[in-house]
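I opened the file to go through contacts, backbone angles and overall numbers. My entries follow in the order I looked things up.

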Amino acid sequence: MNKGEFIRKLRKSGTSLAINLPPEIIELMKLKKDDILKIRIEKI
């Protein structure tokens with residue numbers, strides 16, 4: 001996996017599905033509120 005890759009399970013959030021970003025990824029990539037991310041979704 002690359003530095004920004006991780007495996008997570010989808011969860012229900014209201015009428016949507018969501019994932020949580022691990023704190024390690026947030027720190028490593030210096031993410032903050034309102035950052036725009038490119039996300040690749042792949043079912044495994």
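**Entry 1: salt bridges.** I searched the whole structure for salt bridges and got two. I keep in mind that this is a predicted model.

**Entry 2: exposure of the partners.** Are Arg 40 and Glu 42 buried or exposed? Arg 40 has a relative accessible area of 72%, so I list Arg 40 as exposed. Glu 42 comes out at 54% and is exposed as well.

For the other pair I noted 58% for Lys 32, which is exposed. Asp 35 has 30% and is therefore put down as partly exposed; the band for that label lies between 20% and 50%.

**Entry 3: Asp 35 again.** I looked up where Asp 35 sits and found it in the segment after H1. Which backbone atom does the side chain of Asp 35 reach? It is the backbone nitrogen of Lys 32, at 2.8 Å.

**Entry 4: positive phi.** Lys 30 has a phi of about 50 degrees and is not a glycine. Asp 34 also has a positive phi, about 75 degrees, and is not a glycine either.

Where is Lys 30 found? I place Lys 30 in the segment after helix H1, which covers 23–28. Asp 34 lies in the segment after H1 too. On accessibility, Lys 30 counts as exposed because its relative value is 67%. Asp 34 is exposed with 66%.

**Entry 5: fold and extent.** I read off the secondary structure next. The protein chain has one helix and two strands. In what order do the elements run from the N terminus? They run β-β-α. I also took the extent of the C-alpha trace along its principal axes, which is about 30 × 25 × 15 Å.

Entry 6: How much of the chain is buried? Buried residues make up 7% of the 44 residues. The chain exposes about 4700 Å², and I noted that carbon and sulfur atoms supply 55% of that area.

I looked up the charges as well: there are 11 positive and 6 negative ones. Their mean positions are 6 Å apart.

**Entry 7: confidence.** Last, I checked the pLDDT values. The mean over the protein chain is 90, and 93% of the residues reach 70 or more. Which element has the lowest confidence and which the highest? H1 is lowest with a mean of 91, and strand S2, residues 16–18, is highest at 96.

How values were computed. Residues are numbered from 1 along each chain as its sequence is written. This is a predicted model: local features need pLDDT of at least 70, side-chain atom pairs count only at pLDDT 80 or more; totals for chains, interfaces and linings use all residues. Side-chain values use heavy atoms; hydrogens and water are left out. Helices (H or I, at least four residues) and strands (E, at least two) are DSSP runs, numbered from the N terminus. Buried means under 20% relative accessible area, exposed over 50%, partly exposed in between (1.4 Å probe, protein chains only). Accessible areas come from the Shrake-Rupley method with a 1.4 Å probe; for residues, only the protein chains shown count as cover. Lys and Arg count as positive and Asp and Glu as negative; His and the chain ends are not counted. The place of a charge is taken as NZ of Lys, CZ of Arg, CG of Asp or CD of Glu. A salt bridge is a side-chain nitrogen of Lys or Arg within 4 Å of a carboxyl oxygen of Asp or Glu. A polar contact is a pair of N or O atoms within 3.5 Å; within protein, one must be able to donate a hydrogen and the other to accept it, and residues adjacent in sequence count only if both atoms are side-chain atoms. pLDDT is the predictor's confidence in each residue, from 0 to 100.
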